[in-house]
Amino acid sequence: MPKILSSTVLRNSYNDVSELCHSTDEPVFITKNGSGDLAVMSIDAYEELVSDVGLAYQLAIGRRAAREGRVSDASEASRVVREKYGL
């Protein structure tokens, strides 16, 4: 269940909201005048989210390449990587 707090709670109880964000590793949604306004999360949770999104993007690129037939066998891919990075 998502945590939803008002902007007043954020303003008056910042340390408690910070502790909540760090203990759940999920965003806390902040409302302003009864409507959604912000999503707040710990830096660790944010970095994990960004990493997960980046990985999902790279996997999508790979799946698209495979669907389009842009693939090579492992020995060819290994050769290209060795040449490109001087390994």
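Colleague: Where is Val81 found?

Modeller: Val81 is found in helix α4, which covers residues 74–85. Keep in mind that this is a predicted model.

Colleague: Which residues form the nonpolar patch on the surface?

Modeller: Val81, Tyr85 and Leu87 do, and together they have about 350 Å² of accessible area.

Colleague: How do I check the length of helix α4?

Modeller: The expected span is 1.5 Å times one less than the number of residues. For the 12 residues of α4 that should give 16 Å, and the end C-alpha atoms are 16 Å apart, which agrees. Just after α4, Gly86 takes a positive phi of about 60 degrees.

Colleague: Which residues form the negative surface patch?

Modeller: Asp25, Glu26, Asp44, Glu47, Glu48 and Asp52 form the patch. Asp25 is found in the loop between α2 (14–24) and β2 (28–32). With a relative accessible area of 46%, Asp25 is partly exposed, because that value lies between the 20% and 50% cut-offs.

Colleague: And what about Pro2, where does that residue lie?

Modeller: Pro2 lies in the segment before β1 (3–6), and is partly exposed, with a relative accessible area of 46%. Pro2 and Pro27 are 25 residues apart in sequence, and their C-alpha atoms are 7.7 Å apart in space.

Notes
Residues numbered from 1 in each chain as written. Predicted model: local features only at pLDDT ≥ 70, side-chain atom pairs only at ≥ 80, totals over all residues. Heavy atoms only, no water. Patch = residues over 30% accessible without salt bridge, like charges linked within 9 Å, V, L, I, M, F, W, Y side chains within 5 Å. Areas by Shrake-Rupley, 256 points an atom, 1.4 Å probe, with all protein chains shown as cover. Salt bridge = Lys/Arg side-chain N within 4 Å of Asp/Glu carboxyl O. Lys, Arg positive; Asp, Glu negative; His and termini not counted. Charge placed at Lys NZ, Arg CZ, Asp CG, Glu CD. Helix = DSSP H or I, 4+ residues; strand = E, 2+ residues; numbered from the N terminus. Buried < 20%, exposed > 50% of the residue type's maximum accessible area, 1.4 Å probe, protein only.
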